[in-house]
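I set out to look up a few residues, their neighbours and their ring pairs, and I keep my notes in the order in which I went through them.

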Amino acid sequence: MLSEDAISKMWNNIHSQTKKHIILPVWVRKFSVAASFLLLLSISLVWLFSQKENVSYAELADIVSVDTIENITFKLNNEPAITLSNKSEIVFSESNKILVRTAKGEEMSVENIDLSKEDLGWLAVPKGKRASVVFSDGSRVMLRPGTKIVFPAVFANNKREIYVQGEAFLEVAKNKLKPFVVKTNKMDVEVLGTSFDVQAYPDKNIQSVVLVTGRVQVRTTDDRATEITPNQKFALNKMTNTETVHQVDVNEYISWKDGILNFESEKLPNVLNELSNYYGVNFNYESSKLNEITLSGKLNLNDNIEDVMKVLATTANINFKTMKTEIKIDVKP
């Protein structure tokens with residue numbers, strides 16, 4: 001790992017080569033220059049934008065993988081990428097300024113940036129981390145671990161549009177003249193002002209929208225449109241290209257934003273997969289044995305993983321042992 005002196009020197013080199021200035025406190029410097037990653041990322045972006053006049057949201061999202069980064073990474077296409085601490089929130093103000101707030105209440109001001117409609121930004125949140133974005137219109141997006149979003153630095157005059165890969169909960173500010181559109185690689189979700197959860201993981205067969213308040217229209221890539229109302233879930237099967245809409249308890253799908261994991265008659269391996277994503281830990285177990293165990297209830301994800309595993313061990317009748325790189329699980333005899 002690089003020393004603080006080396007990181008500071010590399011930061012100063014990057015900073016001195018940019019025409020615009022970013023005012024950052026010392027705490028950000030310690031987290032924000034994973035030098036080799038940022039250099040490769042910058043080179044990739046320069047190459048991408050030099051090859052194409054119009055870069056799509058999906059192409060930009062594919063530049064970085066949430067599986068290869070350790071910290072939350074934020075980037076505007078013409079600015080250096082920075083990495084942020086867990087549970088940070090990026091705030092775009094109406095006065096063309098960007099603030100980054102940490103879970104500890106610290107605040108970073110990113111200044112002297114000429115925000116324009118041509119500037120695309122993205123936020124990548126690896127497993128074990130959480131982050132959120134507040135846009136200048138007041139709309140807020142909370143990102144679940146393992147999620148990326150792409151967005152313009154300033155929304156267009158006639159619409160507000162972002163791209164999601166992973167899972168996010170949105171609270172959209174009402175504006176009848178500027179619909180808010182959430183794009184994935186398989187569907188567009190259009191709203192005027194509402195709150196909902198959208199799930200679109202690249203490695204999962206189902207993409208879904210769960211509506212909490214308001215009304216949304218979901219349009220698939222083959223131009224089929226479906227409107228859903230509160231307490232409904234729209235699900236698209238990517239393999240069969242079929243859609244379903246049914247009533248749900250929305251709390252089961254959105255409680256993650258409040259640090260709660262709800263499950264009903266869920267197989268234990270599925271619960272462990274959720275915990276792996278949320279905490280960024282690996283589990284070692286025999287699927288055949290654990291598949292026979294189902295659980296119902298809730299887990300407080302604001303607790304540390306050790307405390308969560310103690311609850312699971314009691315409820316599911318399992319033993320666990322924390323190793324250096326994984327948590328090993330066995331069924332009690």
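**Entry 1: Ala200**

I began with Ala200, which I found in strand β13, residues 195-200. I note at the outset that the model is a predicted one. I looked up the accessibility of Ala200 and got a relative value of 5%, so I count the residue as buried, the cut-off being under 20%. Leaving aside residues up to four places away in sequence, I listed Val164, Gln165, Gly166, Thr184 and Gln207 as what Ala200 touches. For Val164 I also took down the C-alpha to C-alpha distance to Ala200, which is 7.0 Å, although the two are 36 residues apart in sequence.

**Entry 2: nonpolar cores**

I then turned to the largest nonpolar core, which has 42 residues, and noted that Phe74, Leu123, Ile162, Leu170, Phe196 and Val209 touch the most other members. Strand β10, residues 160-171, supplies the largest share of this core, with four residues. I also recorded a second, separate core of 24 residues, which includes Leu299, Met309, Ile318 and Ile329.

Which residues does Leu123 touch, not counting those up to four places away in sequence? My list for Leu123 has Ile72, Thr73, Phe74, Ile90, Ala131, Ser132, Val133, Leu143, Thr147, Lys148, Ile149 and Phe151.

**Entry 3: aromatic rings**

In the structure I found seven aromatic pairs. One of them joins Phe92 and Phe151, which I read as edge-to-face, with 5.8 Å from centre to centre and 80 degrees between the planes. Because Phe92 lies in strand β3 (residues 88-92) and Phe151 in strand β9 (residues 147-152), this pair ties together parts that are 59 residues apart in sequence.

Phe135 sits in the loop between β7 (131-134) and β8 (140-143), whereas Phe151 is in strand β9, so that the pair links distant parts of the chain, 16 residues apart. Phe135 is buried, as is Phe151.

I then looked at how these rings are grouped, and found that Phe74, Phe92, Phe135, Phe151, Phe155 and Phe180 form one aromatic cluster.

**Entry 4: a charge over a ring**

Last, I looked up Lys257, whose charged end sits over the ring of Phe169, at 4.9 Å from the ring centre.

How values were computed: Residues are numbered from 1 along each chain as its sequence is written. This is a predicted model: local features need pLDDT of at least 70, side-chain atom pairs count only at pLDDT 80 or more; totals for chains, interfaces and linings use all residues. Side-chain values use heavy atoms; hydrogens and water are left out. A nonpolar core is a set of buried Ala, Val, Leu, Ile, Met, Phe, Trp, Tyr and Cys residues joined through side-chain atoms within 4.5 Å. Buried means under 20% relative accessible area, exposed over 50%, partly exposed in between (1.4 Å probe, protein chains only). Helices (H or I, at least four residues) and strands (E, at least two) are DSSP runs, numbered from the N terminus. Contact means heavy atoms within 4.5 Å. Rings of Phe, Tyr and Trp (its six-membered ring) pair if their centres lie within 6.5 Å; planes under 30 degrees apart count as stacked, over 60 as edge-to-face and the rest as tilted. A charge sits over a ring if NZ of Lys or CZ of Arg is within 6 Å of the ring centre and within 35 degrees of the ring normal.
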